[in-house]
Amino acid sequence: MNDVFNCITSFPKGTSCGRDGLRAQHILDAFCGEGSAITNGLLKAISAVVNLCLTGRCLKTLAEFVASAPLTPLHKTDNGIRPIAVGMIWRILVSKAAMRGVEKEMAKYLGDFQFGVGVPNGAEAVLHSANIFLNEFHSDGSLAMLTVDFTNAFNLVSRTALLHEVRIRCPSISLWVDFLYGQPTRLYVGNTHIWSTTGVQQGDPLGPLLFALVLHPLVYQIKAKAGGKSDVKIKVEGAM
């Protein structure tokens with residue numbers, strides 16, 4: 001229950017709600033004031049719901065709605081659009097708990113090829129490493145650094161591939177991931193909706209891990225084709 005409580009308190013203040021209107025703050029408020037008298041019972045009930053979802057006992061027919069989300073389009077610096085899906089608090093809570101359960105193991109598996117999973121301040125680490133590299137070797141004509149940006153990476157990653165990798169690498173959360181991504185789900189745009197059939201949701205706590213898992217075999221292939229040289233460094237920040 002402590003892990004679930006820590007997941008609840010980890011929601012940033014002002015976290016948006018899904019279409020059901022429930023916010024993380026509503027749950028936190030229920031633990032305070034007069035509600036503090038039933039804190040243990042409420043936390044026990046919430047933990048039971050989380051465990052029910054993680055063990056695959058949530059009806060598949062509910063997946064289309066539990067995994068649904070309204071879309072918020074954000075402008076990117078290149079004039080593109082980044083669609084952010086704001087899922088239900090229950091869905092995010094279960095995914096947070098799932099991530100806590102596998103984070104250390106997956107960070108070890110992914111190794112130092114990525115900075116998006118289990119690496120605090122990963123983006124800053126990539127930036128500083130690149131600056132050090134350029135400052136030290138800018139005059140060395142035999143060295144080069146290539147940066148690659150995937151187009152709409154999170155939304156286009158293969159769900160077949162990510163489900164396969166999850167079942168192999170972190171089976172303890174595979175039932176929940178299959179519940180979320182094993183079938184089309186609804187993404188609401190205003191009063192209408194579109195069907196989500198590829199990729200992972202921007203805003204899903206498991207999103208960076210799922211993206212990194214699919215990318216990891218490719219990174220190893222690139223490393224192998226580079227001859228396995230010790231001075232060839234491949235860092236993936238796209239999982240952030």
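The model is predicted, with local features requiring pLDDT of at least 70 and side-chain atom pairs counting only at pLDDT 80 or more, while totals for chains, interfaces and linings use all residues. Residues are numbered from 1 along each chain as its sequence is written, and side-chain values use heavy atoms, with hydrogens and water left out.

The term pLDDT denotes the predictor's confidence in each residue, from 0 to 100. The protein has an average pLDDT of 85, and 94% of its residues score at least 70. Confidence is lowest in strand β2 (residues 81-85), with a mean of 78, and highest in helix α9 (residues 174-181), at 96.

The overall architecture comes next. The protein contains 10 helices and 4 strands, where helices (H or I, at least four residues) and strands (E, at least two) are DSSP runs numbered from the N terminus. Along the sequence, these elements follow the pattern α-α-α-α-β-β-α-α-α-α-α-β-β-α. The C-alpha atoms fill a box of roughly 70 × 40 × 35 Å, taken along the principal axes. Of the contacts with a separation of 6 or more, 68% are between residues 24 or more positions apart; contact means heavy atoms within 4.5 Å.

Burial is described by relative accessible area: under 20% is buried, over 50% is exposed, and values in between are partly exposed (1.4 Å probe, protein chains only). Buried residues make up 39% of the 240 residues in the protein. Helix α9 is largely enclosed by the rest of the structure, because 7 of its 8 residues are buried. These are S174, W176, V177, D178, F179, L180 and Y181. The buried residues of α9 pack against α3, α4, α5, α8 (159-169), β3 (185-189) and α10 (207-225).

Helix α3 (residues 39-54) also packs against helix α5 (residues 89-110), at an angle of about 75° and with the axes 10 Å apart. The axes are lines fitted to C-alpha atoms, for helices over the stretch in contact, and angles run from 0 to 180 degrees between N-to-C directions. The two helices, α3 and α5, are therefore roughly perpendicular, a term for angles of 65 to 115 degrees. Their contact involves I46, V50, C53 and L54 of α3 together with W90, L93, V94, A97 and A98 of α5. The residues of this contact comprise 9 nonpolar, no polar and no charged. Here Ala, Val, Leu, Ile, Met, Phe, Trp, Tyr, Cys and Pro count as nonpolar, Asp, Glu, Lys and Arg as charged, and the others, Gly among them, as polar.

Helix α1 (residues 2-9) meets α3 as well: their axes come within 9 Å and cross at roughly 95°. This makes α1 roughly perpendicular to α3. The contact is formed by V4, F5 and I8 of α1 and by L43, I46, S47 and V50 of α3. Its residues divide into 6 nonpolar, 1 polar and no charged.

S196 is buried, with a relative accessible area of 9%. Not counting residues up to four places away in sequence, S196 touches R159, Q183, P184, T185 and L187.

How values were computed
Angles under 35 degrees count as roughly parallel, over 145 as roughly antiparallel, 65 to 115 as roughly perpendicular and the rest as oblique.
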